[in-house]
Amino acid sequence: MDDVEQSGAETPVALTPHRYPAWIWLIGLGIVVMLAVALNKLPPYYRAATLVQSAETLAEDGHDNSAVEFYMKALEITPSSKRVRLGLAISYFRSPDEEDHKKGLGVLQGLTLDKDEWQKLTAVMPAAYQRLFTDVKQ
Amino acid sequence: MFLVPGWLIALLTFPGVICHEMAHRFFCDIAGVPVYSVSYFRVGNPAGYVIHGPATKLKSAFLISIGPLIVNTVLCSLLSFTAVIPIFILEVTERRHLASALLLWWVAISMGMHAFPSSADMANFNALVQNAGTRGLPYFVGKFFSGLFAIANVLKFFWFDAVYALMVTFLLPWLLFGLWPLWPSLSR
């Protein structure tokens, strides 16, 4: 990638300014479209990220009921977020209500967890539920 | 050091190369500097080039040399911000969302990796700074940047371009969410 200055006896013909090949226009358009898509997706993702951040802070402070509300709002925006689903499940399992435990189990359905995540989960998950999970070979 | 041929890196990160050369060409046109030949992308060394006439003003030379750095860095930062949140913060698992985020991140990284002016860019700029005749603020700013980019070009051997791209992609999330996206376990 260079910009090279030209100097010499023969002056070559300069290209017409602001006239670019069609494929360059297409690439430029592609970049603009990509940027527009990115900026359009940014507000909901940003909102979900701040909701998760708040939920995790609340959960750390022991306010699991409030944390669940924040997690639920984040889940509406990004239903496939592993971080949201795991955090929500942990908050549900910390609840003394068995109905909440069932909800926690439902949130985890179809999720693959790594070792650290599984350890965090088993710390709060009722033992009977732990048997419902199976090992996945990497 | 982990060595990969330059042409292969350029091939894998071609959007950044094209954008870099487009910015050079565009800023030459803006500055009224004649452009004689352009290669936006090719498999070779260099991966792209813009052959142009001499810039008569230090400001124009600065714009032509530094323009791609600004354009590529801004694009890298904006595109990656939307990608980093679902990949590293929210950890989305749905393939469609993950694929679009990874595509954005790849384009963003390629922009960041080709943001820095090449050694030829800086040689041109240095020559103009030397010949500018003035010793005012623009001269010293020019000298500062040329020194900075000379160091950056040496550090490219140690993958500084990739490190820079990664730094740019994580800068906004880091500023807004702290170290959270990089090391999620610290905050859990």
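Biologist: Where in chain B does B:Trp159 lie?

Modeller: B:Trp159 is in the loop between α6 (137–155) and α7 (160–177) of chain B. Helices (H or I, at least four residues) and strands (E, at least two) are DSSP runs, numbered from the N terminus. This is a predicted model, in which local features need pLDDT of at least 70, side-chain atom pairs count only at pLDDT 80 or more, and totals for chains, interfaces and linings use all residues. Residues are numbered from 1 along each chain as its sequence is written, while chains are lettered from A and ligands numbered from 1 in the order in which they are written.

Biologist: Why is B:Trp159 called partly exposed?

Modeller: A residue is buried if 20 or more other C-beta atoms, placed from the backbone, lie within 10 Å of its own, exposed if 12 or fewer, and partly exposed in between. B:Trp159 has 17 C-beta neighbours inside 10 Å, so it counts as partly exposed. Its phi is near 65 degrees, a positive value in a residue other than glycine.

Biologist: What makes A:His18 exposed?

Modeller: A:His18 has 9 other C-beta atoms within 10 Å, and the limit for exposed is 12 or fewer. A:His18 sits in the loop between β1 (2–5) and α1 of chain A. Its phi is positive, about 60 degrees, although A:His18 is not a glycine. Most residues other than glycine have a negative phi, and most peptide bonds are trans.

Biologist: Which peptide bond is cis?

Modeller: The bond from B:Asn45 to B:Pro46 is cis, with omega near 0 degrees. B:Pro46 is in the loop between β1 and β2 of chain B.

Biologist: Why is α3(A) said to be largely enclosed?

Modeller: Of its 13 residues, 11 are buried, so α3(A) is largely enclosed by the rest of the structure. Among the buried residues are A:Leu86, A:Ile90 and A:Phe93. The cover includes α1 (22–60), α2 (64–77), α4 (98–107) and α5 (115–122) of chain A.

Biologist: What span does α3(A) reach, and what is expected?

Modeller: From its first C-alpha to its last, α3(A) (residues 82–94) reaches 18 Å, close to the expected 18 Å. The expected span is 1.5 Å times one less than the number of residues.

Biologist: Why is chain A called more spread out than a compact globule?

Modeller: The radius of gyration is taken over C-alpha atoms, and the globule rule is 2.2 Å times the number of residues to the power 0.38. For 138 residues the rule gives 14 Å, and chain A has 26 Å, well over that, so chain A is more spread out than a compact globule. Its C-alpha atoms fill a box of roughly 85 × 35 × 25 Å along the principal axes.

Biologist: How many residues of each chain are in contact with the other?

Modeller: 48 residues of chain B are in contact with 35 residues of chain A. Two residues are in contact if their C-beta atoms, placed from the backbone, lie within 7 Å. On the side of chain B that touches chain A, α3(B) gives the most, with 9 residues.

Biologist: Where is confidence lowest and highest in chain B?

Modeller: pLDDT is the predictor's confidence in each residue, from 0 to 100. In chain B, helix α8 (residues 184–187) is lowest, at a mean of 48, and α2(B) is highest, at 96. Chain B averages 86, and 91% of its residues score at least 70. For the complex, the predictor gives an ipTM of 0.85 and a pTM of 0.86.
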